[in-house]
Amino acid sequence: MRIPSFISKLKAPLGVAAASVFMTGCAVFKSAPQSTFDAKGPVALDQLNLFYLTLWVVAFIFVVVASVLLYAVIRFRARPGDKDEDIPAQTHGNPVLEIGVIAVSVLLLVIIAVPTVRSAIYIYTVPEGEEVLEITATGYQWWWTFEYPDLGVVTGNEMWIPVDTNIKINLRTQDVIHSFWVPKLAGKVDMIPNRNNWMWLRADEEGMFYGQCAEFCGESHANMLFRVISASAEDFDAWVERQNSPAREPAEQESLELAGRQLFQTKGCVQCHNIDGIGGGMLGPDLTHFGERYTVAAGLLPSTRENLHRWIIDPESIKPGNLMTEGILEQNLTTEDVDRLVAYLKSLDLRENQSR
Ligand code: CUA
């Protein structure tokens with residue numbers, strides 16, 4: 001069968017369109033850790049529903065306009081042998097059609113606008129009469145602190161929340177503009193210097209959710225991740241209790257860990273990182289209970305001994321531009337030194353029966 005020439009001309013654009021649909025497919029998979037199509041809390045669900053409503057309205061407009069356009073292109077196309085004067089009958093002005101199109105457009109905009117305004121109010125109103133936990137999240141180039149003012153907890157890069165509880169998050173930044181985003185729990189909100197933005201969210205199920213800085217903030221912006229751990233009330237309370245305890249001290253027989261503790265103090269780590277009981281600076285994440293963390297380098301890598309070793313000996317290769325690189329270069333750490341530091345950091349875990 002011969003393909004009409006106007007269709008064969010469309011082959012390239014149709015191919016590009018098909019390819020882009022195929023490529024965006026991966027992000028649509030619900031299993032993707034940062035998929036917004038897999039809402040796990042009321043705020044994300046509200047935003048997802050608004051997205052779907054808008055999608056259906058614009059899909060309707062697309063189908064109607066494209067059908068009319070396609071009809072006109074096929075029905076009135078030039079045919080071989082047509083002469084210039086063989087153009088279709090020309091008309092101008094049709095009040096019923098014009099007013100009708102305006103009325104339908106207004107109606108469609110109202111269908112989108114009313115739920116949008118309702119949604120905007122919903123996501124800026126923490127539900128009243130229910131328990132609220134307040135957390136202050138601060139963005140740094142390129143990591144996060146999470147403070148729990150009512151619980152006395154300060155931690156980095158992994159934010160624990162109790163499941164089924166409304167969380168109000170104050171959004172702050174220590175340097176440039178960042179954006180706080182946990183795709184499965186709520187849409188992104190910027191952290192802007194000298195501006196007290198906030199958001200609320202709730203996780204409807206237990207689990208670990210991926211967070212990501214969503215505003216370009218320097219060369220390692222894409223490496224600025226975090227995790228939200230939604231835990232049962234019991235597990236959350238136990239976590240708070242551990243967080244409020246001093247750091248675990250290595251036992252006498254843990255010689256590697258003890259040597260690592262010594263290095264932590266003498267090799268300058270302590271100038272930027274705090275460990276309760278040892279003290280330290282606040283330029284980098286608090287490491288008091290580092291051994292409990294699931295990730296290293298702000299959500300970038302699973303916290304295995306190998307990754308921690310890589311991170312300490314060559315942070316630049318993992319997170320270009322980070323502040324730790326220079327400090328590490330000055331210290332001339334041997335591989336054995338790094339092993340000791342890794343052993344110590346992994347031992348900072350108050351949970352019982354952990355394989356460290
Ligand atoms: Cu912080 Cu992008």
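Predicted model: local features only at pLDDT ≥ 70, side-chain atom pairs only at ≥ 80, totals over all residues.
Strand β5 itself covers residues 166-173, and because six of its eight residues are buried, the strand is largely enclosed by the rest of the structure.

## Helix α6

Helix α6, made up of the twelve residues 255-266, reaches 16 Å from its first C-alpha to its last, which is close to the 16 Å expected at 1.5 Å a residue. Its buried residues are Glu257, Gly260, Arg261, Leu263 and Phe264; seen down the helix axis, the buried residues of α6 fall within an arc of 165°, so they line one face of the helix.

These buried residues pack against α7 (269-272) and α11 (335-346), whereas the face of α6 turned away from the buried side carries the exposed residues Ser255 and Thr266. After α6 comes Gly268, which has a positive phi, near 90°.

## Domains and confidence

The domain assignment divides out domain 1 (32-122) and domain 2 (255-346), and the C-alpha centres of domain 1 and domain 2 lie 55 Å apart.

The chain has an average pLDDT of 90, with 93% of the residues scoring at least 70. Among the elements of the chain, the lowest mean pLDDT, 64, belongs to helix α1 (residues 5-9), and the highest, 98, to strand β6 (residues 178-182).

Definitions and conventions. Residues numbered from 1 in each chain as written. Heavy atoms only, no water. Domains from an automatic or database assignment. pLDDT = per-residue confidence, 0-100. Helix = DSSP H or I, 4+ residues; strand = E, 2+ residues; numbered from the N terminus. Buried < 20%, exposed > 50% of the residue type's maximum accessible area, 1.4 Å probe, protein only. Expected span 1.5 Å × (residues − 1). Arc of directions from axis to C-beta. Contact = heavy atoms within 4.5 Å.
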